[in-house]
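Hi everyone, thanks for making time today. Have a look at the model on the screen, and I'll walk you through a few spots in it.

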Amino acid sequence: MDTDITKMFLEKNKEIFENSLNLEINRNLEALKQTTDNCVILEINKVSKFLNNLFREISLNFESQVLSDLIDNQKKKLNNIVNDAIEDKKKLLKEYFENYKKTILIEEEYINKYYKVIDNTTLELSDYLETQLRIDICTLFTPAILRTFKLNNENEQERIKSRIDGLLTEVIIRRMKEEIVFRDNVLKNMCSESFKRYLELNKQTVE
């Protein structure tokens, strides 16, 4: 086959691989967003149920709509923190292959480095989320609950802090980390399959 035509087909093969990779990144991280959104909603709803039960137990006269608004606002805040961080991860993953736009062939070395980028972005994402979620829940959400409903009793405060600062925070952070790692593994497997197809196309092109 003519050298120029071969080069043209190799570039087309690379384009197919890159498009496949972008699609995999988009689908995978959107699935991660959906899973983490659902996790936040589920766990915050459990806190809402806990607070409703506690308030009735201590005969607190409270407006359920005020509590509902606080709960809904917290869901949105946490999901915004998580989703923005996932978008940053998506951007970094896509930028990696932008460095090879002028390269005719994608080599296995590039793929192995890409896997390391996935791992590194996950370490950064996990650390960032753990810090930000703890700050938002423990220093903003819990004090807002105590302040709004004038909960001054030390025992009641400790029960709420234990449920929110302790259990809620730990469960959400653990679930986030688990889902991120799971999605990383899915993304790596999908990339591996796409790369195999890419190599097969190149083999057919040069034969």
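Let's start with T122: leaving aside neighbours within four places in sequence, T122 is in contact with K89, I180 and D184, where contact means heavy atoms within 4.5 Å. Before I go further, a word on the basis: this is a predicted model, in which local features need pLDDT of at least 70 and side-chain atom pairs count only at pLDDT 80 or more, while totals for chains, interfaces and linings use all residues. Residues are numbered from 1 along each chain as its sequence is written, and side-chain values use heavy atoms, with hydrogens and water left out.

Back to T122, which is found in helix α3, residues 108–148. Helices here are DSSP runs of H or I with at least four residues, numbered from the N terminus. Is T122 buried or exposed? T122 is buried, at a relative accessible area of 7%; buried means under 20%, exposed over 50% and partly exposed in between, with a 1.4 Å probe and protein chains only. The side chains of T122 and K89 are also joined by a polar contact of 2.8 Å. By polar contact I mean a pair of N or O atoms within 3.5 Å; within protein, one must be able to donate a hydrogen and the other to accept it, and residues adjacent in sequence count only if both atoms are side-chain atoms.

Helix α3 also holds T131. T131 counts as partly exposed, with 44% relative accessibility. A polar atom of the T131 side chain lies 3.1 Å from the backbone oxygen of D127. Across the sequence, T131 and I173 are 42 residues apart, yet their C-alpha atoms are 9.5 Å apart in space.

Now the helix packing. How do α2 and α3 pack? Their axes are 10 Å apart, at an angle of about 165 degrees; axes are lines fitted to C-alpha atoms, for helices over the stretch in contact, and angles run from 0 to 180 degrees between N-to-C directions. So α2 is roughly antiparallel to α3, a label for angles over 145 degrees. The residues of this α2 and α3 contact divide into 27 nonpolar, five polar and five charged.

Finally, α1 (residues 3–57) and α2 (residues 64–98) have axes that come within 9 Å and cross at roughly 160 degrees. That makes α1 roughly antiparallel to α2. Here the contact residues divide into 17 nonpolar, nine polar and nine charged. Thanks, everyone!

How values were computed
Helix = DSSP H or I, 4+ residues; strand = E, 2+ residues; numbered from the N terminus. Parallel < 35°, antiparallel > 145°, perpendicular 65-115°, else oblique. Nonpolar A, V, L, I, M, F, W, Y, C, P; charged D, E, K, R; others polar.
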